[in-house]
Amino acid sequence: MTRLFTLAFCLLFAGSAAAQPAERRFALVVGNDLGGEGTETLLYAREDARRMHEALIRLGGVRPEDALAVLGRNKGAVLAAMQTIEGRLKEAAARRTRTAFVFYYSGHAKDGLLRLGETTLSLQELKQRMEASPADVRLAIVDSCRSGAVTRNKGALRGPAFDIETTASTGTPGDNARGTVFLTSSSFDEDSQESDHIGGSYFSYHLIGAMQGAADQSNDGRVSLSEAYTYTYSRTVADTAGASGGAQHPTFSYDLKGNGEFVLAHYAERKEGLYLSSKAPAGAYFLVDGRGVVAAEVQKVADRDRRIAIAPGQYTVKRRLPDRLRIGRVNITQGQLYTLNESALRDVPFSDDPVKGVHRDVSSRYSFSLGAGAQSFFDQPTRSGLFPTAGMVTAEFVVADFLRHNFLIGLDLGSGSGNGVANAETVSAAFQMNQLVLGTSLVKSWPFFDGDLVPFFGLRLAFLFMSRDFNEPALPNQFFSTFSPGLTTGLRYRLTRSMGLIARARVHYLQYNVGVDRSLGFHELSAALSYDF
Amino acid sequence: MPACGGNYSNEDLDFQNALPAREDLTPQISALTNLDTAEFYRTTRDSVRGFSTLLDNILGAIDEVRRIPATRRDKDIRQWGPWQSKDDPTLQLRVTIRKNATAMTAENPFGFVFAYAVDVARIKTDVWVNFVSGSFNPAGGVRKGRGQVVLSTLGMRFLGLPLDKNPADTDDELAWLDTLTINYATLNDVSWDAFAMLHVDPADAMPPEATQAQWHYREDAAKNMGTFRFGWEGGADLHAQAMQITSTWRLSDSAGRADVLITAGLATGKAATECWGPDAVATYINRTYEPEKNKGMENTCVFPAAQ
């Protein structure tokens with residue numbers, strides 16, 4: 001039944017992808033790992049969006065200047081970018097230029113809402129906005145949980161294999177096709193799943209793979225939308241069928257009128273890539289990048305050549321045989337089509353599988369920071385005569401997501417000194433206070449803008465060893481050690497992928513009991529440069 | 001949240017300040033040695049060293065103790081110990097410093113004095129005897145003030161506690177001493193007077209070398225002069241049963257003179273004067289009892305005869 005339905009879909013749309021209409025394409029790519037309250041941070045949504053942005057430019061016929069990427073931003077930024085695109089579409093329409101608008105979203109969705117950090121964008125609002133767009137062809141691709149809600153009509157039944165909704169009054173799209181197409185990663189009641197082995201979501205991974213040529217059933221160097229969907233659907237279902245989250249069924253909704261097929265990718269126009277001649281053995285070929293992640297895959301059938309328009313880079317080609325693997329290194333350079341020679345592959349056991357997957361183990365993220373700041377007691381007499389304001393240098397080691405997601409355990413070491421004058425009854429003596437602090441903290445963080453800005457707040461327990469050396473050597477040194485509980489808060493700003501700037505404030509309680517009992521408080525302000533391992 | 005403790009305290013600083021610095025009480029005289037070093041320079045220098053060592057033993061122990069956090073801390077009391085003696089495991093020690101209110105006077109600007117005591121007891125007993133007591137009247141500077149230190153071996157003798165680590169060697173320990181009283185002032189110029197009652201053991205077949213001894217030191221920085229006078233009485237030597245030596249030297253280079261007078265015994269009235277230069281070599285010797293050793297002219301002396 002599934003095959004029949006797929007065949008019918010292909011017959012309906014696939015045959016007429018021969019001509020590429022002269023049109024200008026615009027793209028808005030949105031990716032956000034964060035979904036606000038009650039959601040876990042996604043690992044690859046932003047990365048998927050980045051890759052789709054690159055694929056649309058490289059293969060999808062979108063000029064770089066016409067492809068906007070909104071990563072880790074909120075609803076306002078998305079709508080502003082959409083407004084920019086709409087403005088350009090209107091300008092193109094005024095020049096009678098045929099246009100297409102591709103909207104891609106990767107991130108959280110729930111209850112009919114795309115969740116952009118702490119903000120939401122209604123799927124219905126998106127749909128209405130797309131349909132109101134002046135583009136001739138509007139394609140919305142939504143890779144998120146329950147994204148099928150946007151294609152689900154009241155009373156519609158889910159298809160036997162995938163969910164197709166059509167509101168087209170005529171069933172024959174043409175060259176001058178106009179209308180809206182929605183492509184979603186899952187049905188209205190399904191989760192969309194990510195994989196460390198492919199370093200992204202199954203749906204986006206296979207859709208990009210389709211654009212690279214894996215979906216080109218007609219072998220004409222172009223990937224029509226129907227070819228892309230059919231391929232993406234079958235591969236996503238196959239990959240997720242055995243997953244704990246259950247099989248994930250992409251959905252497709254179109255409302256196109258006119259003649260012709262919408263060609264999603266012209267992959268053959270790219271000169272570089274991997275070429276498998278018709279004589280190459282049939283089977284599944286995987287291209288594994290330097291991180292050990294499957295960057296592309298293609299199903300080679302016997303006596304038919306295949307081509308995959310993968311980006312320049314070094315890859316390991318893997319072909320799986322029943323009892324071993326065949327692997328070899330290929331170097332794809334700009335503008336060059338690399339023909340795979342079977343003799344260049346060698347046999348290795350399964351244990352040498354080059355696919356390692358992305359190791360983003362949330363329980364093992366570490367960072368180290370170095371900083372400087374000042375410590376000061378709130379009580380003025382204490383500050384001037386007992387514990388003077390001290391300059392501090394600090395180092396901190398942090399383990400993130402060890403106990404729970406977005407919880408950080410920190411171990412810090414600080415050292416500092418300050419000068420003061422002790423006024424006892426019989427003597428007044430200048431001194432230098434030296435301090436060594438060992439602290440541990442448990443902190444909750446709230447990443448914003450995909451972790452670019454991360455406020456945090458938590459508890460800290462510090463052990464302080466303070467000593468003072470009097471300028472007058474006839475007076476002996478004094479020392480004091482104690483545990484001190486406190487609160488810590490601050491903001492981390494990501495400078496680069498692994499570097500960040502931290503502004504931190506701490507407030508501590510200190511019970512002083514040498515001779516007299518006093519409850520004291522102090523604060524620390526510091527700035528630090530952090531490095532994420 | 002209990003604190004782990006320490007002695008980081010402005011109040012403790014008063015107690016830590018309530019003891020004269022040993023360096024302040026130590027006479028400044030250089031340690032020169034030549035083949036023909038002047039005899040009374042050598043006598044002066046060795047006496048200064050001996051007394052400084054005695055002061056180190058007394059004050060040094062308290063000085064070290066007050067560096068560590070007090071065991072007991074009340075409003076006007078700091079107490080360290082008791083703890084077991086490292087030298088003699090059968091003994092336990094404790095050090096107490098009290099702040100006692102007194103009338104506020106020009107010499108006592110703060111209206112209180114510090115009294116300190118080092119007490120000794122046999123281990124696991126509660127019978128304490130005093131070993132060192134004293135007072136410190138702060139004058140407002142860093143460890144500057146007036147006070148008294150009294151060392152007494154009488155209590156320890158009463159309890160039968162050992163005074164020497166090595167009873168066979170009585171030179172370096174306290175068995176020869178009954179009491180030592182030191183009155184000191186470490187203000188602009190340092191001065192102190194010490195008086196010792198030496199121990200006389202009736203069981204000894206030989207009479208003691210002396211029964212009492214005195215030390216006096218005055219430092220006058222403006223005059224670049226230090227004066228050290230020491231003497232003893234009750235000696236067994238029939239010719240010199242009591243003797244007084246007064247040494248005066250320049251603080252800058254230790255050139256000085258010594259005037260010796262026998263005040264009791266068959267040689268009463270005999271005297272000697274000796275002057276030395278910065279190299280500690282005698283420039284002038286005048287001994288009434290050994291005129292054959294006389295040499296030089298008195299005008300080579302850097303100071304006139306002591307008054």
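Helices (H or I, at least four residues) and strands (E, at least two) are DSSP runs, numbered from the N terminus. This briefing concerns a predicted model, in which local features need pLDDT of at least 70, side-chain atom pairs count only at pLDDT 80 or more, and totals for chains, interfaces and linings use all residues; side-chain values use heavy atoms, with hydrogens and water left out. Residues are numbered from 1 along each chain as its sequence is written, while chains are lettered from A and ligands numbered from 1 in the order in which they are written. By the DSSP rule, strand β3 (residues 77-84) of chain B is where P82(B) is placed, and a cis peptide bond with omega of about 5° joins P82(B) to G81(B).

**The two chains**

- Chain A contains seven helices and 30 strands.
- In chain A, 52% of the 533 residues count as buried, a term that means under 20% relative accessible area, with exposed meaning over 50% and partly exposed in between (1.4 Å probe, protein chains only).
- Of the contacts in chain A with a separation of 6 or more, 69% are between residues 24 or more positions apart, where contact means heavy atoms within 4.5 Å.
- Chain B has four helices and 15 strands, and 49% of its 307 residues count as buried.
- In chain B, residues 24 or more positions apart account for 45% of the contacts with a separation of 6 or more.

**The interface of chain A and chain B**

- The size of an interface is often given as the accessible area lost when the parts come together.
- Between them, chain A and chain B bury about 2700 Å², of which 59% is on carbon and sulfur atoms; buried area is the accessible area (1.4 Å probe) that two parts lose on being put together, summed over both.
- On the side of chain A, the residues that lose the most area to chain B are E425(A), T426(A) and P476(A), together 24% of what that side buries.
- Chain A gives 35 residues to the contact and chain B gives 28 residues.
- One salt bridge is counted between the two chains, under the rule that a side-chain nitrogen of Lys or Arg lies within 4 Å of a carboxyl oxygen of Asp or Glu.
- E425(A) forms a salt bridge with K99(B), and the closest N and O atoms are 2.5 Å apart.
- On the side of chain A that touches chain B, the elements giving two or more residues are β25 (407-423), β26 (428-445), β27 (453-470), β28 (478-494) and β29 (499-512) of chain A.
- The largest share of that side, seven residues, comes from β28(A).
- That side divides into 21 nonpolar, 11 polar and three charged residues; Ala, Val, Leu, Ile, Met, Phe, Trp, Tyr, Cys and Pro count as nonpolar, Asp, Glu, Lys and Arg as charged, and the others, Gly among them, as polar.

- Helix α2 (residues 45-58) of chain A has 14 residues and reaches 20 Å from its first C-alpha to its last, close to the 20 Å expected at 1.5 Å a residue; the expected span is 1.5 Å times one less than the number of residues.
- Among the buried residues of α2(A) are D48(A), R51(A), H53(A) and R58(A).
- Helix α3 (residues 75-94) of chain A has 20 residues that should span 28 Å, and its end C-alpha atoms are 28 Å apart, which agrees.
- The buried residues of α3(A) include V78(A), L79(A), M82(A), I85(A), E86(A) and L89(A).
- Those buried residues pack against β1 (23-31), β2 (62-71), β3 (98-106), β5 (113-116), β6 (119-122) and α4 (123-131) of chain A.
- R96(A), whose phi is positive, near 60°, follows α3(A).

**Individual residues**

- Most residues other than glycine have a negative phi, and most peptide bonds are trans.
- D303(A), in the loop between β17 (294-300) and β18 (306-308) of chain A, has a positive phi near 60°.
- D303(A) counts as exposed because its relative accessibility is 70%.
- R143(B), in the loop between β6 (129-138) and β7 (145-152) of chain B, has a positive phi near 55°.
- R143(B) counts as buried because its relative accessibility is 3%.
- K318(A) lies in strand β19 (residues 313-320) of chain A and, at 7% relative accessibility, counts as buried.
- K318(A) and V288(A) are 30 residues apart in sequence, and their C-alpha atoms are 7.4 Å apart in space.
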